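Subject: Handover of a structure, with notes

Dear colleague,

I am handing over the structure below, and my notes on it follow directly after. Please read them alongside the coordinates.

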Amino acid sequence: MHKKYLTLVFALFICFSLSAQQGHSHEGHDHGTEGHSHGTHQTTKEKANAHKGHKHDGHNHDGHNHDGHNHDGHNHDGHNHDGHNHGKDHSKSAKHDSDHGHGPSCAHAGHGHHGEFDPAATAFHHISDANVYSIGPWQIPLPCMLYAPKKGWDVFLSSKFKFDSTGHGDGHQAYNGYILDAGSVKRITEPGFPDGEVPIDGIIHDDEDIAYACYQGKMWKTDAKSTADGGIFGGGITSYYDFSITKNVVSMLMVMLLLTWIFLKVAKGYVTRKGMAPKGIQSFFESIFVFIQDEVAKPFLGAKYLKYQPFLMALFFFILGLNLWGQVPFLGGSNVTGNLAVTMVLAIFAFLVVNLSGNKHYWEHIFWMPGVPAWVKTILTPVEFLGVFIKPLTLMLRLFANITAGHIVMIIFVSLIFMFSKNGTSVAGGYGTAVASTALTLFMSAIELLVAFIQAFVFTILTASYLGAAVEEPHHH
Amino acid sequence: MFFLLDFNVIKPDFGLIFWTTIIFGIFWFLMSKYAFRPIANALKDREDEIQSSLDEAKKAREEMANLNAQNEKILAETREERAKILKEAKDTRDSIVNEAKEKAKVEAQKIATTAKLEIENEKKAAIASIKNQVGTMAIGIAEQIIKKDLAGNQEQEGLVSKLVDEIKLN
């Protein structure tokens, strides 16, 4: 079963990286008329992914103002934030032309390409964490807490980046060497960039998705924030750490407050209505509570269920709350439980609770399985030992993959409208797909609602089963 | 190894790890202390209470059944007792009545006998008195008659007595 989910995750990756490539292969046609070199080197870069402008001025791409200083790249008019701005600029670079002679350039930073709609990039943007909170089309600034080892702390509100209130979170201003690129903070690493509030001309990306800030006609290389994947997924330790109250953190806080409020009310019900039948909200949550107690805690933990039940309940309701929070339309659609950092922390909590509760019997079964021949033990022990880590790993990946996949599928269904309408040029295609897409999205929403419950339940029941194995008393056969 | 177009949800970010730990930790602690544990305890108490109530009800029912059986028994016994008492009462009554009857009979007989005797005596007296009177009257009458016709008193008186004795009093 675990293997199946791992395969799913990788299949998903492959799927979307393929679709990303396909989407980009059309772009040469769009850029050909725009008076710069995209069309020509398109074929040599089959494998390069995005070649689109990062700017939002979909109406101002007629080729004037190319002088590199006086860009109209800031004319974000709010009409064109429908996802065509997630790609990368692929102009020839004066500065970074080391490997193949072609790179991004600030010469066209302000020159938006009305490129092909890219569903993969749109999906990736929407499932990402961000330093702004989106409610409907509006972007709300959030507190940034950034730490660069050599520089120290920077704490400010992300409104300092001067992003558009209804855009995609691209900042028009750098602050203390940080910029806002598609909702997430990046740090300019090249020396010489001034501190304080500095208006920038735009942000461009190269083939490897490194963002550059354009300032005074020059490209200023930026770093993405440090991540804990050790470079496996393309992240790693960079020049700064982002401890901001991000969109996901805000979602978690909201869900936590909501759940706390609900459960304090429920718990109060048991005091004020002692000896009486449950009523209202108490009665509603009691049924879920008792379900988890009777189907998860008691069967696996037996007489010890009361000791571990609060942890299981906290896991279940936290995951369920976040899964459902991400499903509410126009509330940000936060992909919290679909973020590896969150599922990782939950899995680590589960790992710690399980292994710190493990009794002699449990460790004996891992390191020296009783009742099997010695040569079998030499095979069993490494397997069992690996199992200790694989269990939380699968917990982490299962929840992450399911929720992320759900969010991606929903976004892709909505994206179908933009794909078939050819970015607004095909009205029939747009309206036609809109009908089918709405039906599909509705159907998927229902499925995702189910998934929200199932995944919260699965995470909890598996944790309970691992806990059950750890605290089980030896029974003599 | 993997390179994906800004698929950053798979890159666990330190800030998010930090905040998730804090938020989940607080949530776990708060909920354990103020919600999940009290609720679980309340549920357990209620469960125990319901179980004990059910047990008590069962016990009460059993007791009730016991009591009923006892009552039934007592009732039956009482009924029997009553029947017995009634029977006894009847017997007593009968015997009293019989005794009374017997006594009455004897008394009546005694009274009747006395009465008879008295009547006999009275009769005898009356007869004697009547005889005397009749004798006297007869004598008188005879005197009257014989005064004229008979000379000897003796003969006459004997005749009259003989005649009087022959009179049967009925």
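The largest nonpolar core has 93 residues, and those that touch the most other members are A:F263, A:F317, A:L346, B:F36 and B:I39; such a core is a set of buried Ala, Val, Leu, Ile, Met, Phe, Trp, Tyr and Cys residues joined through side-chain atoms within 4.5 Å, where buried means under 20% relative accessible area, exposed over 50% and partly exposed in between, with a 1.4 Å probe and protein chains only. Helix 7 of chain A (residues 305-325) supplies the largest share of this core, 14 residues. At least three residues of the core come from each of domain 1 (2-19 + 248-471) and domain 3 (119-245) of chain A, the domain bounds being those of an automatic or database domain assignment.

This is a predicted model, in which local features need pLDDT of at least 70 and side-chain atom pairs count only at pLDDT 80 or more, while totals for chains, interfaces and linings use all residues. Residues are numbered from 1 along each chain as its sequence is written, chains are lettered from A and ligands numbered from 1 in the order in which they are written, and side-chain values use heavy atoms, with hydrogens and water left out.

Next, the helices of chain A. Helices (H or I, at least four residues) and strands (E, at least two) are DSSP runs numbered from the N terminus, and the expected span of a helix is 1.5 Å times one less than its number of residues. Helix 8 (residues 340-357) of chain A has 18 residues and should therefore span 26 Å at 1.5 Å a residue, which agrees with the 25 Å between its end C-alpha atoms; this helix is mostly covered, with 14 of its 18 residues buried. Helix 11 (residues 427-471) of chain A has 45 residues and reaches 63 Å from its first C-alpha to its last, close to the 66 Å expected. The N-terminal end of helix 11 of chain A is capped by A:S426, a side-chain oxygen of which lies 3.2 Å from the backbone nitrogen of A:G429. In helix 10 (residues 374-420) of chain A sits A:T404, which counts as buried because its relative accessibility is 2%; the C-alpha atoms of A:T404 and A:F124 are separated by 9.6 Å, although these residues are 280 apart along the chain.

The strands of chain A come next, and here two strands pair if DSSP finds at least two bridges between them. An open sheet of three strands in chain A has the order 4-3-12, with antiparallel pairing, and its edge strands, each pairing on one side only, are strand 4 (152-157) and strand 12 (241-242). Strand 3 (residues 143-148) and strand 12 of chain A are joined over two bridges, and A:Y147 stands opposite A:Y241 in strand 12.

Two hairpins also deserve a look. Strand 1 (residues 132-135) and strand 2 (residues 138-141) of chain A pair in the antiparallel sense over four bridges, with A:P141 as the bridge partner of A:V132; two residues lie between the strands, and A:G136 takes a positive phi near 60 degrees. Strand 6 and strand 7 (residues 184-188) of chain A likewise run antiparallel, joined by four bridges, and A:L180 has A:V185 as its bridge partner. Two residues separate strand 6 from strand 7 of chain A in this hairpin, where A:A182 in the turn has a positive phi of about 50 degrees.

A:N176, in the loop between strand 5 (173-175) and strand 6 of chain A, has a positive phi near 50 degrees and counts as buried at 14% relative accessibility. A:Q216, in the loop between strand 10 (211-215) and strand 11 (218-223) of chain A, has a positive phi near 55 degrees and counts as exposed at 56% relative accessibility.

With best regards

Methods. A polar contact is a pair of N or O atoms within 3.5 Å; within protein, one must be able to donate a hydrogen and the other to accept it, and residues adjacent in sequence count only if both atoms are side-chain atoms.
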